[in-house]
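Hi everyone, thanks for coming. I'd like to walk you through a ligand site today, so let's get it on the screen.

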Amino acid sequence: MSQRTFSIIKPDAVRNGDTGAILAEIAKAGFKIVSIKKMSISRQQAEGFYHVHAARPFFGELCEFMSSGPIFPMVLEKENAIADLRKLMGATDPAKAEVGTIRQKFAASIGENAIHGSDGEDTAAFEIGYFFAGVELK
Ligand code: CMP
């Protein structure tokens with residue numbers, strides 16, 4: 001059964017000019033792009049998105065980085081989309097990411113790791129709703 005997940009091409013990847021190459025990897029892996037847009041978010045909007053990490057020591061740095069430049073939030077669809085995107089992204093720390101994964105190819109550090117992907121169904125529903133209105137998801 002088809003499933004939707006949420007992803008962000010992060011400011012480091014956009015700055016480095018890797019957006020097109022990352023989208024090509026996503027398309028090659030069989031994902032349909034349901035919706036995508038380019039935008040910048042405020043520090044406060046980043047804090048709302050990452051609220052589950054509010055107590056972590058890296059929270060401030062993470063929200064500063066995510067509001068440091070344009071991003072591409074997107075909604076992706078395929079069978080097993082949530083798990084398959086996480087596999088395609090690779091480990092959070094690019095130094096530990098498998099060869100051929102997006103983070104291994106395009107990310108420099110655990111804090112600036114090129115791409116975000118939802119880690120479960122509830123998270124995906126929250127994250128899609130945080131960035132997209134229903135009319136953008138047909
Ligand atoms: P993401 O999948 O977007 O979800 C939470 C983010 O926090 C994660 O990617 C990392 O970019 C970031 N993160 C996780 N661990 C650390 C860490 N130890 N130091 C800095 N950032 C981190």
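I'll start with the ligand and its surroundings, then turn to one residue of the shell.

Quick ground rules: this is a predicted model, where local features need pLDDT of at least 70 and side-chain atom pairs count only at pLDDT 80 or more, while totals for chains, interfaces and linings use all residues. Numbering runs from 1 along each chain as its sequence is written, and side-chain values use heavy atoms, with hydrogens and water left out.

So, who surrounds the ligand? We have Lys10, Tyr50, His53, Phe58, Leu62, Thr92, Arg103, Ile110, Gly111, Asn113 and His116; near here means a heavy atom within 4 Å.

Now the polar contacts, that is, pairs of N or O atoms within 3.5 Å. A ligand oxygen is 2.7 Å from a side-chain N or O atom of Lys10. For His116, the side-chain N or O atom is 2.9 Å from an oxygen of the ligand, and for Arg103 a polar side-chain atom is 3.4 Å from a ligand oxygen. On its own the ligand exposes 450 Å², and the protein buries 80% of that (Shrake-Rupley areas, 1.4 Å probe).

Let's look at Ile110. It's in the loop between helix H6 (102-106) and strand E4 (115-117); those are DSSP runs, at least four residues for helices and at least two for strands. Buried or exposed? Ile110 is exposed, because its relative accessible area is 54% and the cut-off for exposed is over 50% (buried is under 20%, partly exposed in between, with a 1.4 Å probe and protein chains only). Ile110 also sits 4.3 Å from Asp93, C-alpha to C-alpha, though the two are 17 residues apart in sequence.

Terms used:
Polar contact = N/O pair within 3.5 Å; in protein donor to acceptor, adjacent residues only side chain to side chain.
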